[in-house]
Amino acid sequence: MKNKTYVPPFLYESCEELSQKFKELKSPYDVAQLLRVPYEYLIYYIYRTPHDSRYTKFHVPKKSRGYRTIHSPNGSLGIVQRKLSQVLYAVYRPRPSVHGFATSRSIITNAKAHVGKKFILNLDIKDFFDSINFGRVRGLFMGKPYELDEKVATILAQICCFDNKLPQGAPTSPIVSNLICAKMDSELQRFSRDHGLFHTRYADDITLSSNRNELALSLVSSYEKGSSKVVLGDELRGIIERNGFRINDAKVRLSYNKTQRQEVTGLIVNQTVNVSRKYVRNIDGALHAWKKYGLQAATETYESKYAKKVTLPKKEVAHFLDSLRGKIEFVGSVRGKDDYLYQELLSKFNDLRKKEADNQKITETEEPRIISQIPPND
């Protein structure tokens, strides 16, 4: 479609205004008006744009093995999705147990809810985004509490879905997944209250913990202490499966405070929220490689040896520095900015940066002197 008008990437109404306008949607034209996109352009973006041109596809390594497929929306479709996600965030009211894709919540707040508990049960929803298909998203908007017109629900689902599922990488996918999980979150909250449990969800990670000495059969029907063999109770499994999800049984973990390391969304929670020793060793290893081999060589070393879970372009120094500094700042956000370990890592990083800058200045001042020594042509 030629001569497209510029579409601003954000909406500027208040959350209350956006929420009210969302509830008043009566037709696809209203959707276009709410998102401030000409209706014919909106139809073009979601129906007529060539299928292979809508998203850029790439892969990111998973924590364990294999790859996660990411679909990043191209051009105007991404702008439309960012606007719609802004509207949906204005509509959504996260439950206390939800810590993923929610304002002022994070993996840190998620982990804090389970510090010092006698046991922790970790669950993982299998193929989380892939299991939320077009029909579920469309049904979400048609059902309670939104009860939008069928055509409105259809065009909203078209904006959000690709290849009949929520694409990882789309701005709308995180908030839509939370809206889809709202009923399950409520049921798990009631289940936890009835059995004296603490419960949180961060995206596809569900954690339940307790200080009771005995585990209710509705939670865990059988387990071997000190072993990873855990069979979930029918009531807990039923809540998750009735809501259209499947549990990844290979990732079910039950851990005890006194005898095992307890981990929630990658953080240690036995006594306080902390990063793992391996996480710190990887940072320290990257700093050591930088000091010993130089910045350029450290970039490749970090990528191959210490940052296997991060996709860094080869020899991209800027990515290396951003990633390393980000990891150090994460240690500070978990342990506190006054923590000795954070201060030590940050000091090493800053010292190496200063040394790098000083070396660059020396190189720049030496260059003219070297050139001036070259005799002129006769």
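A cavity is a set of points, on a 1 Å grid over the protein atoms alone, where a 1.4 Å probe fits but cannot get out, and its lining residues have an atom within 4 Å of a point. The model is predicted, so local features need pLDDT of at least 70 and side-chain atom pairs pLDDT 80 or more, while totals for chains, interfaces and linings use all residues. Residues are numbered from 1 along each chain, and side-chain values use heavy atoms, without hydrogens or water.

**The cavity.** Select Tyr45, Ile46, Arg54, Tyr55, Leu77, Gln158, Ile159, Cys161 and Phe162, which line the largest cavity. Its volume, the space filled by probe spheres set on the points, is about 40 Å³. Helices α3 (39-48) and α7 (150-160), DSSP runs of H or I with at least four residues, each supply at least two lining residues.

Select Cys161 next, which is buried (under 20% relative accessible area, 1.4 Å probe, protein chains only) at 9%. The disulfide count is zero.

**The nonpolar cores.** A nonpolar core joins buried Ala, Val, Leu, Ile, Met, Phe, Trp, Tyr and Cys residues through side-chain atoms within 4.5 Å. In the largest, of 72 residues, select Phe22, Leu121, Leu219 and Leu236, which touch the most other members. Helix α8 (residues 173-194) gives this core its largest share, eight residues. Centre on Leu236: beyond four places in sequence, its contacts (heavy atoms within 4.5 Å) are Leu121, Leu123, Leu188, Phe191, Leu208, Ser218 and Leu219.

Terms used
Buried < 20%, exposed > 50% of the residue type's maximum accessible area, 1.4 Å probe, protein only. Disulfide = S-S within 2.5 Å. 1 Å grid on protein atoms, 1.4 Å probe; cavity = no way out; pocket = protein on both sides within 12 Å on 5 of 7 lines; lining within 4 Å.
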